[in-house]
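These are my notebook entries on one protein chain. I wrote them while looking things up residue by residue.

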Amino acid sequence: MTGITAASLRGADGRFDNPWPTWKGDKSLWDLREFAKQMRELRAPNYGYLSYKRQPTLADMSAAFPLRAPDYDALSSPDPAAVSALWVGHASVLVQMEGLTLWTDPVLADRASPLPFVGPRRAVPPALSPEDPWLPKVDAILISHNHYDHLCAPSVKRLHRRYGDDLVWYVPLGLAEWFAARGIKNVKELGWWEQAQHPGSKVQLVLTPAQHWSARGIMDRRKTLWGGWAALGERSRFWFAGDTGYAPVFKEIGQRLGPFDLSAIPIGAYEPRAFMAPQHVGPDEAVTIHRDVRSRRSIAIHCCTFHLTLEPLDEPPALLAREAAARGLADDEFVCLQHGAMMTVKDGAVVNSPLQRLPLPRPATDAGEQQQPQPQQAAASRGVGLAASDEL
Ligand SMILES: [Zn+2]
């Protein structure tokens, strides 16, 4: 393939970079401190808050984000002419197409953090587990980048323990070493626009550019690459956006690799917008990306699971529903599913209706916090014009 290559973006300091004017450079320590201060001032539990309740219990979270039992019948006999995506939570999606089962960013731990006792705690349990006897054989894992809410060492170990070297790990440049240190060798490391054919199948996996960054510690910022993944089959095309801010590159992804039958596009972690916009899109930009890449149907990811930024955990799906309607998308064109629910697309149409989508708006559950605005009003009153964003 031609065009920008990741190698051309790696500077003399060994760090990768984003080549678009929409990237504003690394955050300063001052910026990070200000953001941390605002998060503290929220005084929300570390699994987040809801637009109608500032101090929700985990039971409130379960009511707001019901966890669906996976449809194991559908998982065990996928239609090879269709493509389906089951939302495991956050950026984690189980995809079935053309006889393959792919799993994006499997993060199954209780916290998205280097330490098990601090950091953002999940509001909803993962919908799937590698130890689940009913889980179909997983063929490949697609990793977008190394932030803790996307690459989780205990989850990687569990998957490796179950599937061993049969499992192929597709990772952006620079990450194979991290896997090798954990005894995992069946790793394909790709730069932007590079592709690999999955062994024993016709499906091509392509690492697509994203506007983001990477780091697991304080010294390794942008030393490994980030991106999304396109899975191109003979009959279906799936795209996982990864973690990204809005950049001019999505139209090019659509031109070169689209149209996609089904995509998974992030919608959350955007507040405060000015700070987060370079690295995380919000719902309005997610809809723009959905159109840029020429996606027929999309599911929302990167929301409703980990409390990473300032907005309430239930705001992104409300804003997505509003934005999709305002911009004339079909009712089932870009939806936020419930955790554990799935969307199956065949010949450009959803074939597993009715979809198990997140109910909106959610009713207030606490009489003491009545008078609280509904999510959309809350967003409008806080000046969330719909939009962009990031994470730690
Ligand atoms: Zn990230």
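**Entry 1: a loop residue**

I started at tyrosine 148, which lies in the loop between β4 (140–142) and α5 (153–163). Helices (H or I, at least four residues) and strands (E, at least two) are DSSP runs, numbered from the N terminus. The model I am reading is predicted: local features need pLDDT of at least 70, side-chain atom pairs count only at pLDDT 80 or more, and totals for chains, interfaces and linings use all residues. Residues are numbered from 1 along each chain as its sequence is written.

Is tyrosine 148 buried or exposed? Tyrosine 148 is buried, because 21 other C-beta atoms lie within 10 Å. The cut-offs are these: buried means 20 or more other C-beta atoms within 10 Å of the residue's own, exposed means 12 or fewer, and partly exposed is in between, with C-beta atoms placed from the backbone.

I then looked up its contacts. Two residues are in contact if their C-beta atoms, placed from the backbone, lie within 7 Å. Leaving out residues up to four places away in sequence, tyrosine 148 touches Ala112, Ser113 and Pro114.

**Entry 2: what the record says**

I checked UniProt next. Its unreviewed entry places the feature "binding site" at Tyr148 and His280. UniProt positions are given in the numbering used here, feature names are shortened, and annotations may be inferred rather than shown by experiment.

So where is histidine 280? I found histidine 280 in the loop between α8 (273–276) and α9 (283–292). Histidine 280 is buried, because 30 other C-beta atoms lie within 10 Å.

I counted 11 helices and 15 strands in the protein chain. Strands of a sheet pair through backbone hydrogen bonds, either parallel or antiparallel. For pairing, DSSP must find at least two bridges between two strands.

I followed β1 (residues 83–89). Seven of its seven residues are buried, which makes β1 mostly covered. β1 pairs with β2 in the antiparallel sense over six bridges. Tryptophan 87 stands opposite valine 93 in β2. The hairpin of β1 and β2 has two residues between the strands, and histidine 90 takes a positive phi near 50° there.

β1 also pairs with β14 (residues 342–346), antiparallel, over four bridges. Here valine 83 has valine 345 in β14 as its bridge partner.

Next came β2 (residues 92–97) and β3 (residues 100–104), an antiparallel pair with five bridges. Glutamine 96 has threonine 101 in β3 as its bridge partner.

Valine 95 is found in β2. Valine 95 is buried, because 24 other C-beta atoms lie within 10 Å. Beyond its neighbours within four places in sequence, valine 95 is in contact with Ala85, Leu102, Thr104, Ala231 and Phe238. I also checked threonine 344, which is 249 residues from valine 95 along the chain; their C-alpha atoms are separated by 9.5 Å.

Which residues have the most contacts inside the largest nonpolar core? They are Ala85, Trp87, Val93, Tyr170 and Ala231, in a core of 109 residues. Such a core is a set of buried Ala, Val, Leu, Ile, Met, Phe, Trp, Tyr and Cys residues joined through C-beta atoms within 7 Å. In soluble globular proteins, nonpolar side chains tend to be buried together.

**Entry 3: the seven-stranded sheet**

I found another open sheet, with seven strands in the order β7-β8-β9-β10-β11-β12-β13 and mixed pairing. β7 (195–197) and β13 (334–335) each have a single partner strand, so one side of each is left without a neighbour in the sheet. Inside it, β9 (residues 228–232) and β10 (residues 237–240) run antiparallel, joined by four bridges. Leucine 232 has arginine 237 in β10 as its bridge partner.

**Entry 4: a helix and the confidence**

α2 (residues 29–42) has 14 residues. The count of buried residues in α2 is zero. Just after α2, arginine 43 takes a positive phi of about 55°.

Last, I looked up pLDDT, the predictor's confidence in each residue, from 0 to 100. The chain averages 90, and 90% of the residues score at least 70. Over residues 366–392, pLDDT stays under 50.

Terms used
Expected span 1.5 Å × (residues − 1).
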